[in-house]
Amino acid sequence: MALILEGKPVALEIERRLRDELAEIDDAPGPPATASAVLVGDDESSRAYFRSILRTFKRVGIDVNAREISARISEEHLRIILGELNYDPDIDGVIVFQPLPDHLDRELPANVLSADKDIDGITYANAGRLSLGVPHLVPSTPMGGIEILHYYRIPIEGQHAVVVGRSPIVGQPMALLLLGENATVTICHSRTRDLASLTRQADIVVLAAGRSDVLTGDMIREGATVLDFGVNFVDGKMTGDAHESVFDVAGAITPVPGGTGVVTQRVLAANTVKAARIQRRLLQEPESVNHR
Ligand code: NDP
């Protein structure tokens, strides 16, 4: 049976690291580390995520300025609000929950937010920096995957990582982060021919397809590590993208629930603290994870 890569100890380790950095911020002049969480409209899952982030940030010791905005807001008005947050000296980081209501451009936050306050790594500047190997603030979900691999001392350098999924928030940045850690990376997607022939070559398989059972035990080699980001509901039960047969073949695997999802919000908190250190000039240069 595979080693189960629980997310909770990783989350607690990130929280421990943040305590020291938050103490440094508290000792510096200015307000405490503060994030603005912007929720537009009434999407139920966004609201649940919004509430959960408020709880996590409070626990960690980050102030949250919660902005709940009517679904009827115009694009111009939202642009003004985000622009004001960019210049608000009391706000260190901003997260805008997706999906936005249909009449609003989904890309608006990526276009408007300041890269230094972009705690979920969605802006074009931060995506570009990551792709050029000079990451600044990176998307929290894939960074959580890297944190899990580091915490459990799973080697990345020189390993073949196969990433299933290429979305800008999970699959693609995960592939770039793994590349930055000197893995050899293959990216797969819905048009990939013969997925199994690729996943069977992998030392690390990353699942970010959002399709239950996209990976079965016969599609990996014995002892491979599997990071499962998938969130699916089958008969009312939350499952990942890995079929249960994967647990008999993998060397290590993140469970769903209890794996990657638990770490994501702590990385978001870590990004907020990093943004707060940047605003206060406690951190001058972006840290690079790229060893090339
Ligand atoms: P998207 O739907 O945006 O992307 C899915 C990706 O998977 C696409 O690139 C798609 O290919 C690819 N794909 C779909 N079906 C297959 C298949 N059968 N074989 C190979 N590739 C396939 O999803 P997200 O990236 O936003 O999210 C992925 C999963 O991660 C979801 O379940 C989501 O709920 C979850 N998630 C988990 C988080 C966490 O903290 N654990 C946080 C955020 C999301 P193509 O590009 O060709 O369409």
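**View A. Three aromatic pairs turn up in a search of the whole structure.** Rings of Phe, Tyr and Trp (its six-membered ring) pair if their centres lie within 6.5 Å, with planes under 30 degrees apart called stacked, over 60 edge-to-face and the rest tilted. One of them joins Y49 and F97, edge-to-face, at 5.7 Å centre to centre and 85 degrees between the planes. Y49 sits in helix α2 (residues 44-60), while F97 is in the loop between β4 (93-96) and α4 (108-112), so the pair links parts of the chain 48 residues apart. Helices (H or I, at least four residues) and strands (E, at least two) are DSSP runs, numbered from the N terminus. This is a predicted model, where local features need pLDDT of at least 70, side-chain atom pairs count only at pLDDT 80 or more, and totals for chains, interfaces and linings use all residues. Residues are numbered from 1 along each chain as its sequence is written, and side-chain values use heavy atoms, leaving out hydrogens and water.

**View B. The chain is assigned domain 1 (28-120 + 263-279) and domain 2 (140-261).** These bounds come from an automatic or database domain assignment. Taken over C-alpha atoms, the domain centres are 28 Å apart. Six residues of domain 1 and nine of domain 2 make the contact (heavy atoms within 4.5 Å).

**View C. About 590 Å² is buried between domain 1 and domain 2, 53% of it on carbon and sulfur atoms.** Buried area here is the accessible area (1.4 Å probe) that two parts lose on being put together, summed over both. On the domain 1 side, V263, T264 and V267 supply 81% of the area buried against domain 2, more than any other three residues.
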